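This report describes one protein chain, part by part. Please keep the sequence and the model in view while reading.

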Amino acid sequence: MPCITGTKDPAAVAFDAIAAARARGGGIDTVLVDTAGRLHTEERLLEELKKVVRVAARQQPGAPHESFPGARRHGGTERGAPGRAFAAAVPLTGLIVTKLDGTAKGGSVVALERAVQVPIRFLGTGEGLGDLEVFAAERFARRLIGG
């Protein structure tokens, strides 16, 4: 799988990635743009994220087709704040919830989904790619109650 990276403007990297996929012809139909480190408390980073979305939409009609914030499991009063901030900045189609390998495994997940009002699509229970799984509500509920 080709990888386009860069230390320049994240929107420019997204532009280059979409252009490269288009240049390679019909063999590539998916471009993943990972904007790691988009902290919901930093307006500058949210503005960069909005720019990535605008550039992708100009480069490919209908893009982005999917948009998932990668939210760490949060506790306390912060549960929905990151998701709400991302949802206000860009249209979301689902959530990826990570860091579910600790002792607090779930109440905040439900609160986050309710706060953002998009479905949880994937769960991360560890650090490796194999630790990312498609979210299944029934399986998740069984894990929570130990069944």
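## Terms and overall layout

Helices (H or I, at least four residues) and strands (E, at least two) are DSSP runs, numbered from the N terminus. Residues are numbered from 1 along each chain as its sequence is written, and the model is predicted, with local features needing pLDDT of at least 70, side-chain atom pairs counting only at pLDDT 80 or more, and totals for chains, interfaces and linings using all residues. Side-chain values use heavy atoms, with hydrogens and water left out.

The protein chain contains 5 helices and 4 strands. Read from the N terminus, the order of its elements is α-α-β-α-β-α-β-β-α. Of the 147 residues in the chain, 32% are buried; here buried means under 20% relative accessible area, exposed means over 50%, and partly exposed is in between (1.4 Å probe, protein chains only). Contact means heavy atoms within 4.5 Å. Among contacts between residues at least 6 apart in sequence, 61% join residues at least 24 apart.

## Helix H1

The expected span of a helix is 1.5 Å times one less than its number of residues. Helix H1 (residues 10–23) has 14 residues and should therefore span 20 Å, which agrees with the 20 Å between its end C-alpha atoms. Its buried residues are Ala 11, Val 13, Ala 14, Ala 17, Ile 18, Ala 20 and Ala 21. H2 is included in what covers them. After H1 comes Gly 25, with a positive phi near 85°.

In H2, 17 residues at 1.5 Å a residue should span 24 Å, and the end C-alpha atoms are 24 Å apart, so the two values agree. The buried residues of H2 are Leu 45, Leu 46, Leu 49, Val 52, Val 53, Val 55, Ala 56 and Gln 59. Gln 59 belongs to this helix, which covers residues 43–59. Gln 59 counts as buried because its relative accessibility is 14%. Apart from neighbours within four places in sequence, Gln 59 contacts Phe 15, Ile 18, Ala 19 and Arg 22.

Arg 54 also has its place in helix H2. Is Arg 54 buried or partly exposed? Its relative accessible area is 43%, so Arg 54 is partly exposed. Arg 54 and Pro 64 are 10 residues apart along the chain, and their C-alpha atoms are separated by 8.9 Å. Pro 64 lies in the loop between H2 and E1, and a cis peptide bond with omega of about -10° joins Ala 63 to Pro 64.

## Aromatic pairs

Rings of Phe, Tyr and Trp (its six-membered ring) pair if their centres lie within 6.5 Å; planes under 30 degrees apart count as stacked, over 60 as edge-to-face and the rest as tilted. The structure has 2 aromatic pairs. One of them, Phe 68 with Phe 122, is edge-to-face, at 5.9 Å centre to centre and with 85° between the planes. This pair links distant parts of the chain, 54 residues apart: Phe 68 is in the loop between H2 and strand E1 (70–72), and Phe 122 is in strand E3 (residues 120–124). Phe 68 counts as partly exposed because its relative accessibility is 30%, and Phe 122 is partly exposed at 25%.

The ring centres of Phe 135 and Phe 140 are 5.6 Å apart and their planes meet at 55°, so this pair is tilted. Phe 135 and Phe 140 are both buried.

## The largest nonpolar core

A nonpolar core is a set of buried Ala, Val, Leu, Ile, Met, Phe, Trp, Tyr and Cys residues joined through side-chain atoms within 4.5 Å. The largest such core has 18 residues, and Leu 95, Val 97 and Ile 120 touch the most other members. At least two residues of this core come from each of H2, helix H3 (81–89), strand E2 (95–98), helix H4 (107–116) and E3. Not counting residues up to four places away in sequence, the contacts of Leu 95 include Phe 68, Leu 112, Val 116, Ile 120 and Phe 122.

## An exposed loop residue

Gln 117 lies in the loop between H4 and E3. With a relative accessible area of 69%, Gln 117 is exposed. Its phi is near 60°, a positive value in a residue other than glycine.
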